[in-house]
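The following report describes selected packing features of a multi-chain model. The structure is shown first.

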Amino acid sequence: MSTPYAKLPRWADYGLIPIINLAVAFFVAGLVVMLVGENPLRAAEILVQGAFGNGQNIAYTLFYATNFIFTGLAVAVAFHCGLFNIGGEGQAYIAGLGVALVCLAFDSVLPWWATFPLAILASAAVGALWALIPAYLLAKRGSHIVITTIMFNFIAASAMVYLLVDVLKPAGSMAPQTRDFLPGAQLPKLGWLLEMFGMTVRSAPLNISFLLALVMAFLVWVLIWRTKLGYEMRTYGFSPKAARYAGISEARIIIITMMVSGALAGMMALNPIMGDQHRVQLDFVTGAGFVGIAVALMGRSHPAGIVPAAILFGVLYQGGAELAFDMPAISRDMIVIIQGLVILFAGALEHMFRPAIQTLFASVSPGSVGVTVVKGEGA
Amino acid sequence: MELIDVLVQLVGATIRVSVPLLLACLAGLFSERAGIFDIGLEGKMLAGAFAGASAAAVTGSAWIGLAAAILTAVCFGLVHGFASITHRGNQIVSGVAINFIAAGSTIILGQAWFQQGGRTPSLSGDARFQAITLPGADAVHDVPVIGPIYAEVISGHSLLVYVAFLMVPFTWWVLFRTRFGLRLRAVGENPAAVDTAGISVTWLRYRAVLCTGVLTGIAGAYLSVAQNAGFVKDMTAGKGFIALAALIFAKWKPVPAMFACLLFGFLEAASIRFQGMPWPFIGKVPVQLMQALPYILTVILLAGFIGKAIPPRAGGVPYVKER
Amino acid sequence: MAEAAIELIGINKSFGAVRANRDINLEIAPGTIHGIIGENGAGKSTLMSILYGFYQADSGEIRVGGKPTAIRTPNDAIAVGIGMVHQHFMLVENFSVLENIILGAEGEALLNTSISKARSELRRLEREYGLEVDPDAVIEELPVGLQQRVEILKALYRGAEILILDEPTGVLTPAEADHLFRILQQLKEQGKTVVLITHKLREIMAITDTVSVMRQGTMVATRKTNETTVEELAELMVGRRVLLRVEKGEAQPGGVKLSVKNLTVKDSRGVTMVDNVSFDVRAGEIVGIAGVAGNGQSELIEAIAGTRRAVSGTVTLDGQPIDVTGIADPGELRDRGLAHVPEDRHHVGLVLAFEENENSILGYHDKPEYLNGPFLNIEAIRNDAREKIQKYDIRPNDCRLKTANFSGGNQQKIVLAREIEQDPGVLIVGQPTRGVDVGAIEFIHKRLIAMRDQGKAVLLISVELDEIRSLSDCILVMFAGRVVGERGPDAGEGELGLLMAGVESKEAAE
């Protein structure tokens, strides 16, 4: 194992390798498309067309991206602290309860701009509390956070089914969902933003939670790189020993990080509930919590990477829906495959191409790259 | 209905529901005992179920279906091995990826090949593993108590049910009575000890991953070619994760794994059987609580409140030769 | 003379830029106990790992019984009769003794027969060498001495004729060590060849027939044990290193700043690492703790600095107690003026993935001068880092560069600058110049002397004896967790070397 590793320039590390990984993921996805007898290039064309072809499509793309920004940020914050929060799905789902309670209580008495802040707080609080339990169990009892957050996804799903079927469903209704919200709990659309550019948006559900997501992306950047708390999270994430040396409490930092992560996942509930469906219904999260994993891995846990990654997945979701019209063999589930491939190549096989690229760099310009000793540690 | 009939039905249902859990749980046992965490059991089972149903539908042979299921799940297992053994990637991330790839590709391919909304064609006759009536089952059926138990609980399952339960002693035997099992357990505890004893850690772990693939393949085939007459999208419905929970619950041991799976299977069977019915002393229990119970119990176990589940010591950590 | 059991010719091995073994030649006579002695990091373990096939030599030849032999994997080594007892036991802790012994040498696919065969073979070995151990006991329930015996049995079960033991007494009590030596004698009488790797002179003198000394990756001498002396070996081991003597005046010790009383620390396995240690460090003096690595120095400073919990004892800082047995918080200790340069700068003292300026506040990140409320004051942090870079001549002069991209010496300067510039009353320094280039060594030494001259109390831990001797005003020697001697700054190298090797002398008795 004493192969000298050439140190790569920054642009290769943060640009080239992720792009190669992504390209391989899409290449394999293209093979799947070919396997079902369609032309992958044509599919890509329809996909992009479907995502950006007109104002409505763009609005839908950004609507989906909103969900993924929230969940991607949630996963990324935990990653920075060395934690794998696989429970974003459940945290977002259960946070729907918080949103529902606020909306049902205030939609008849308050205007949307008063209900919205309350709903933000409620969704964040419920999401954070749902993440608190696994965090506490890790910090105090050493329970594996991956397993507990998976279990909490299922528990959240059962709890929400129970609540929607037996508690929140209005009397006399058959559908397992809350009553429709009044305008006091309906978020304004953002269509005008696109219409300013002369596009027609019609009824696309893009709403101001998109702006909230962008604000959160900025705040996460501030948190991670500009606050003492973020500094402590990163220290613990890179080296728990250094954190101990620096006087950072392990239990405190785990619990706070997971609560922040849960709160971000929880806020995802605002977008579909208050911005689109105007009620809480079964399975409104539709896997966005898991997409967050792919988004965070692809965006290298940096908000500047997460937002474009979330938009890319928004493209896949929206474009995929259009694709299903034109190519009946391909449904929106194609996204799930791509998502899996991105997680595989940008995550688990992250370093597969690194040695080859390093060798390439070393042979092309041996003078420009320092040769360092790598001892099984990715510094 | 008589109490005995209710019980017999409940136990019969418990067995049928437990089988995929049990096979997946034993599959996970091989992998995790060798130090490879596998949260991709769900995906491998799903891929196996789809491949099994597809092959059985096309060829009309349940056996070819089974073989296809095993082959497919093994391939997915090898992907996990490639990422986590060869490239020392994050085993959790790899498992998540496999679950998604399986979930998406089964639907896409299913739709492309069969155009039935992600379903595979309904299987019948030889294309499906039929219930086996054990000798004498019909004869003793009317004997009180014993008759129904023999006829409904012990007899009348498909071949794979018996395979699943025979896998329990077999897994135990492999693990504790063979050279392979000894090495497998060792590599999950201390891979350096295996390495210095002159055994290849990589090859050993790959073999463990292969075993996991085979068993998840059988589990998938059971779902789509035996228990049901075809593949429906997302038909594993979290069973892979319940199996994972059962594995933790059983503290990575084969016989307790069987009891954990039967317990979780019973919870599911009972929640279906008694849906909406009041329980003695407790009153009406929400069916969702019953469904969530395996997960809640596992969390309580992980928190160390009922015993302590200590995973294999080298679990989740790629082996790097130390300097 | 009989053919050498093992002959190593021109062995070279590098790990990246580090040359662990350089051109090693070694001949080991059959039926003898051959000692290999050297300080930590001298390359002994690497050499033996090459012999055992765990690593591949970059160049060189191995001859076993006169025949050139390629040893590529441990399997090859086992096949030619080489067995190894590793420093960290290669045992599966929740397996039985029998299971551990047959692992990798099961013979058949089914365990039944191999287990019963192993059982009877074990009984034979027990009779022949006095190696008693309950075959059905589970490893983690056995004391360390017996675990080691299982390692020896493992090697013998595989038919080892040549047995390598890597630092075998490190984890043993003196009584267990004596027992081990009797076993090794017995093995020798049965015609086995034993290679004993150690840094303890006492063991070499007590048991070996021949001894080879390694220093900094080279083989410096081989002697017949009965023709050499402890003094000669100590000198060969430590070498006459060219050390830049630091100019320093007479120390002017003031009042006690740091006082350690009866401190006892155990490691995670419950082994006592620091055993009832007491000493004081005064203002304006450097107290150096000498000792071979692994004799409790690391645990001692970790306990004082609050990163490891002590079992018993008291530590006071400026007369106020530190809660060393409870929740001593390193952050709080920093506020009280105790700075700590940890031994392991890669994993503890620095976060290598951080930018330089981020590391220059590690541990002090809650100081008001670096913050604006809950936010980091990036401007202040970077300016502060730039100042330190100037003052400590840290290169390259770039506070935004990733810390991993600095050389060892510059990384160490980052840590020192951080800790010294906070103007602490007490500075604890672990291995300040490990892996540091010569130029930086001199700089670091001058800084430490300057600290002393400003009236600070400095506690220095180092495995470099010369460093201890040239910097300290008072030298404590630790061996097996105890302070076995206290000497003035002019103590002789040989005298300290003997203390470090655990050789008792009249004055050494505490």
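## Sheet of chain C

Val85(C) stands opposite Leu165(C), a residue of strand 7 of chain C. This is a predicted model, in which local features need pLDDT of at least 70 and side-chain atom pairs count only at pLDDT 80 or more, while totals for chains, interfaces and linings use all residues. Residues are numbered from 1 along each chain as its sequence is written, and chains are lettered from A and ligands numbered from 1 in the order in which they are written.

Strand 6 of chain C and strand 7 (residues 162–166) of chain C run parallel and are joined by four bridges. Helices (H or I, at least four residues) and strands (E, at least two) are DSSP runs, numbered from the N terminus; two strands pair if DSSP finds at least two bridges between them. Both strands belong to an open sheet of six strands in chain C, with the order 6-7-8-3-9-10 and mixed pairing. Strand 6 (82–85) and strand 10 (218–224) of chain C each have a single partner strand, so one side of each is left without a neighbour in the sheet. On average, and with direction ignored, neighbouring strands of this sheet are turned by 20 degrees against each other.

Angles run from 0 to 180 degrees between N-to-C directions, and axes are lines fitted to C-alpha atoms, for helices over the stretch in contact.

| Helix of chain C | Strands of chain C touched | Angle |
|---|---|---|
| Helix 6 (residues 174–189) | strand 3 (33–38), strand 7, strand 8 (193–198) | about 150 degrees with strand 8 |

## Helix pair of chain B

The axes of helix 3 (residues 62–86) and helix 4 (residues 91–114) of chain B come within 9 Å and cross at roughly 150 degrees. That makes helix 3 of chain B roughly antiparallel to helix 4 of chain B (angles over 145 degrees count as such). Phe76(B), Val79(B), His80(B), Ala83(B) and Ser84(B) of helix 3 meet residues of helix 4 of chain B including Gln91(B), Gly95(B) and Ile98(B).

## Contact of chains A and B

The contact takes 43 residues from chain A and 39 residues from chain B. On the side of chain A that touches chain B, the largest share, 12 residues, comes from helix 6 of chain A.

Definitions and conventions
Parallel < 35°, antiparallel > 145°, perpendicular 65-115°, else oblique. Contact = placed C-beta atoms within 7 Å.
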